[in-house]
Each structure stands twice: as C-alpha cells, then as structure tokens.
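Hi,

Here is the structure I promised to pass on. Have a look at it first, and then read my notes below.

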Amino acid sequence: MKKILVTGSNGLLGQKITEKVLAEGRVKLIASSVGANRYPVKEGYEYAEMDILNPEQVKAVIERYCPDAVIHTAAMTNVDTCEENKTLCHQLNVEAVATLLSICEEKNIQLIHLSTDFVFDGKNGPYKEEDAVNPVSYYGESKVMAEELIKNSKANYAILRTILVYGISHDMSRSNIVLWAKGALEKASPINVVNDQWRMPTLAEDLAEACLLAVEHDARGTYHISGKDYMSIADLVRKVADYWKLDHSFINEISSASLSQIAKRPEKTGFVLDKAIKDLGYNPHSFEEGLLILEQQMRVSPES
C-alpha cells in the first residue's frame, strides 16, 4: 500500500482526501497543514504540522515519513488577494512548489500538484491539456510559473488542473460559490451574478478521487480534472436555486466588467476530460448529483 503526504490538509480538498482514505483505506495517509489538525477524526492516519513556507520543516517532515507521493493541495487561491499581494502569492504558489520539487526529485517521490483553469485566457475553452497557457491574472501567472518549474524538473510528477471546486467540509473558514448562493437566496438576499463567464464546476469529492487515482496509476504529465457540465456562473446559481426551490427573483445577472474586480477572470474555460477518463478511470458526477451529495452531507452536519 502506498504512503501519501498531503499538504494543506485543513482545506476543503485536503479534508476530502482524508475522508476518502478513512472510508476506503486505499493508501496510508500523512495529513499536513499549518497549525493544528482541524479534521474531527484523528485516528486512522497521521498528522504533521507543516508550513510550506518553511523549507527546513518541509524537508524534516518528508524525511521523517518517507512518502511514496506528495499531493500538494496548499496554495493561495483568492484571485484578487493574489493580485494585491504578489509577493506572498509568489512565495506560496511558486517558491513553496520549488521546495517540494527539489525534495521529491532528490528522494524519487511522486509529486501530485494542483493547478487551475486560470492558466488559460478563456478565449477558446473548453481546453485540452496541451493547449497554450495565457493567464490574465497574477494568480494564473503564479500557477503557470509553478507548472513550468515542475515540467522542467526531473521529478516524477502529475499536474492536475481543476475548475471552481465546491463542497462541504468540517470547520470551514471559507465558503464556495454553491454554498454562497444557497445561503444568500435562503435569506432572500439579492445577489449579483456574472452571466459572461463559463465554467465546469468540480465536486471536491471528485477532485479527491482524481488525486488518489493519480497516485495509484503513477500518473505522469498534465491532466484536466473537473465536473462534466459546462455552464455560465448565472446558470450555476439558477441550478442551485432550482435544486433547493429558492426564489430566482433575487438573482441579478450582470457583466464581469460591471463588477470592477481587482483581478481579471478568464471568460470561458472548461476542460476536455478525455485524457483523465482514459488514463485514470476518472468519472465525475453531474452537477445535480453533486448538489444531492451536498444535501445529504448537510443533513448529517446541519451546522455545515
């Protein structure tokens, strides 16, 4: 059985990987994140405090556990914050990757790196893995820099690009678009939603499964991992309203230009998933199936 070390295990994806490993026992898990472990179940895996900005600590943790693979989920992902604080973004999204990469290279550890649809400019989506990157934000630029470091290394790597991840996790400090829309509409709060950006939203459980499949198949190269349904952000929010029988009249459709966001967003991304389906056996849920999974989890943990 392979041993994996997950960075950023307190985040949504990190917790979903922990959940999956505990339920299915396919790998041995070392979860790691900054600060204390926020996942409620503490048995069945090991936890190590690890700050990815501390190279000595990263090296010590990896040498202590000697994993077969590192799944690197930790990153700075708030697009506007990345634009405002490029120094910190570069440290978290590029320099930390360089640290992990050098250790994985030296010790022949597979590196599974999470990337994003924001490496593309959104002019020609949906995209294949080999399509040319052209980021329109510093967040996207930082992820391209990290990808280039990895591709130019001698490491055994798989880059998993993903899109608009949604889901429910324990002790979440951040929301995501599905929970935000549902929460606002339940309170009858008007929301502004862009109608000129198109995405393929990804259920966090599907992305966690893809990470484990990449380890199990010793995947090499770049893979596109997302949901299977292509929709505008406005359509996505309407689907959330329909699923929970909420009032559409509070949804105010606007253009991206009218939002005046700090960072630019790509217009139409989306992925061609053929490679992941063929090579990894990836089989994502539909968006409606994803919403059903969320609803079931909310029944178990209403405080989520």
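Which residues does Thr-73 touch, not counting those up to four places away in sequence? With contact meaning heavy atoms within 4.5 Å, Thr-73 touches Val-6, Thr-7, Gly-8, Leu-13, Gly-14, Ile-17 and Leu-114.

Before going on, some housekeeping: this is a predicted model, where local features need pLDDT of at least 70 and side-chain atom pairs count only at pLDDT 80 or more, while totals for chains, interfaces and linings use all residues. Residues are numbered from 1 along each chain as its sequence is written, and side-chain values use heavy atoms, with hydrogens and water left out.

Back to Thr-73. You'll find Thr-73 in the loop between strand 4 and helix 3 (79–84); helices (H or I, at least four residues) and strands (E, at least two) are DSSP runs numbered from the N terminus. Thr-73 has a relative accessible area of 17%, so it counts as buried (under 20%; exposed is over 50%, partly exposed in between, with a 1.4 Å probe and protein chains only). A polar atom of its side chain lies 2.5 Å from the backbone oxygen of Thr-7 and one lies 3.3 Å from the backbone oxygen of Gly-8.

Seven strands form an open sheet in the order 3-2-1-4-5-6-11, with parallel pairing (two strands pair if DSSP finds at least two bridges between them). Strand 3 (46–49) and strand 11 (221–224) are at the edges with a single partner strand each, so one side of each has no neighbour in the sheet. Inside it, strand 1 (residues 3–7) and strand 2 (residues 28–33) run parallel and are joined by four bridges; Val-6 has Ala-31 in strand 2 as its bridge partner. Helix 2 (residues 55–65) packs on the sheet, touching strand 1, strand 2, strand 3 and strand 4 (69–72).

Then there is helix 10. Phe-287, Gly-290, Leu-291, Ile-293, Leu-294, Gln-297 and Met-298 are buried in helix 10. They cover an arc of only 155° around the axis, so they sit on the same side of helix 10 (the arc is that of the directions from the helix axis to the C-beta atoms). Arg-299 and Val-300, on the other side, are exposed.

Cheers

Terms used: Axes are lines fitted to C-alpha atoms, for helices over the stretch in contact, and angles run from 0 to 180 degrees between N-to-C directions. A polar contact is a pair of N or O atoms within 3.5 Å; within protein, one must be able to donate a hydrogen and the other to accept it, and residues adjacent in sequence count only if both atoms are side-chain atoms.
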